[in-house]
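Have the structure open while you read.

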Amino acid sequence: MLGVLQVKPHGAMLSGETAAALEFLCEQLPATLDLCRLIEEKLQLERELAERERLAALGQMAASISHNLKNPLGSMKTILQLQLESAALPETLRGETRLVVEEIDRLSTKLNQLLRFSRPAVRSGGSGASCDAREVGEAVTSVLRHEAERRGVCLDTQASEGSLRVAASAEAVNEILSNLVVNALEATPKGGHVTLRAAPAGGGVEFAVEDDGAGISPGVRERILRPFFTTKAQGTGLGLAIVERRVAEFGGKLEWESPVRDSRGTRFRVWLPAEDAKPAISGVTGKRSTPSRTVEEAE
Ligand SMILES: Nc1ncnc2c1ncn2[C@@H]1O[C@H](COP(=O)(O)OP(=O)(O)OP(=O)(O)O)[C@@H](O)[C@H]1O
Ligand SMILES: [Mg+2]
């Protein structure tokens, strides 16, 4: 039974004709509703297919652009590095040359990000990869400390005692944490704080990257995980899409909340299974993680 059609004649008797028409309507309604459902499913599938095709085309374009730009950039960097090694380079040019090398590095990082995103996802969650989350967290903060200092932001790491081994490759965890910490640094004004925490939780390890920046504005909440969505002048909009994909690859969870306190700040939380939890978790490899909603959003 699909439902009940209730007719209230308001005191009047239903004529035989009306009753017959209503019975006919009841017979027709389920088929019509089924048809509506089928049409809705078809439209949904068509929308998903169109979105996938759009992303595949964007991915191919991104891959070919990054591929074509990588080699000339590499050559430019080599030439500049050779110049930096030469004693004949005037001191006035040395600083500027270093700046150009840094800019080339930034560009290369963006291109690598684009290339990685355009590559089809490699499901390595069950391949036995594992790493020490504490070591990876320290590696990420030591690389980004210079950037934090340049921005006048205090970057802090806190890792719990005990084993923090996770069933995910060091390269993936590094990519996840780097993207989250870079976003946090970019969102935090001078004098602000960014904290990276790692602690055992629910048969795995939970990482939390928290900043006290302006937070994620209500108008963009639904879109931040979408590939190529960015609110930054120089952003590619791939950081969180990559984070989401990599977390899912290892059967983890990604959640975020913003604001965190005093109407400010953002906290991203990533949970990854512990190394010894691998066999049980491998069955859900590739599960899509979902962002948590703030109280405001849920309302
Ligand atoms: N910690 C944060 N605070 C405020 N907004 C954030 C934070 N992290 C992400 N966002 C928002 O989510 C958007 C998408 O982030 P994402 O990392 O995917 O791309 P991006 O940082 O803009 O560019 P890319 O990472 O490719 O350089 C950002 O443009 C920003 O608006
Ligand atoms: Mg980013």
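1. Let's start with the ligand. Ligand 1 is surrounded by 22 residues, counting a residue if one of its heavy atoms lies within 4 Å of the molecule. The closest are Lys110, Asn183, Thr230, Thr231 and Lys232. Keep in mind that this is a predicted model: local features need pLDDT of at least 70, side-chain atom pairs count only at pLDDT 80 or more, and totals for chains, interfaces and linings use all residues. Residues are numbered from 1 along each chain as written, chains are lettered from A and ligands numbered from 1 in the order written, and side-chain values use heavy atoms, with hydrogens and water left out.

2. Now the polar contacts (pairs of N or O atoms within 3.5 Å). Asp211 puts a polar side-chain atom 2.9 Å from a nitrogen atom of ligand 1. On its own, ligand 1 has 600 Å² of accessible area, and the protein covers 93% of that (Shrake-Rupley method, 1.4 Å probe).

3. Which elements supply at least two residues of the shell? They are α2 (91-118), α4 (170-187), α5 (239-249) and β7 (266-273), where helices (H or I, at least four residues) and strands (E, at least two) are DSSP runs numbered from the N terminus. The largest share, four residues, comes from α4.

4. α4 also matters for the core, so to speak. The largest nonpolar core has 39 residues, and its largest share, eight residues, comes from α4. Such a core is a set of buried Ala, Val, Leu, Ile, Met, Phe, Trp, Tyr and Cys residues joined through side-chain atoms within 4.5 Å. Val173, Phe207 and Ile224 have the most contacts inside this core. Buried means under 20% relative accessible area, exposed over 50%, and partly exposed in between (1.4 Å probe, protein chains only). The buried residues of α4 include Val173, Glu175 and Asn179.

5. Finally, some backbone spots to check. Most residues other than glycine have a negative phi, and most peptide bonds are trans. Ser258 and Pro259 are joined by a cis peptide bond, with omega about 5°; Pro259 lies in the loop between β6 and β7. Asp262 is in the loop between β6 and β7, has a phi near 50° and is exposed at 69% relative accessibility. Phe228, in the loop between β5 and α5, has a phi near 70° and is partly exposed at 26%.

Notes: A polar contact is a pair of N or O atoms within 3.5 Å; within protein, one must be able to donate a hydrogen and the other to accept it, and residues adjacent in sequence count only if both atoms are side-chain atoms.
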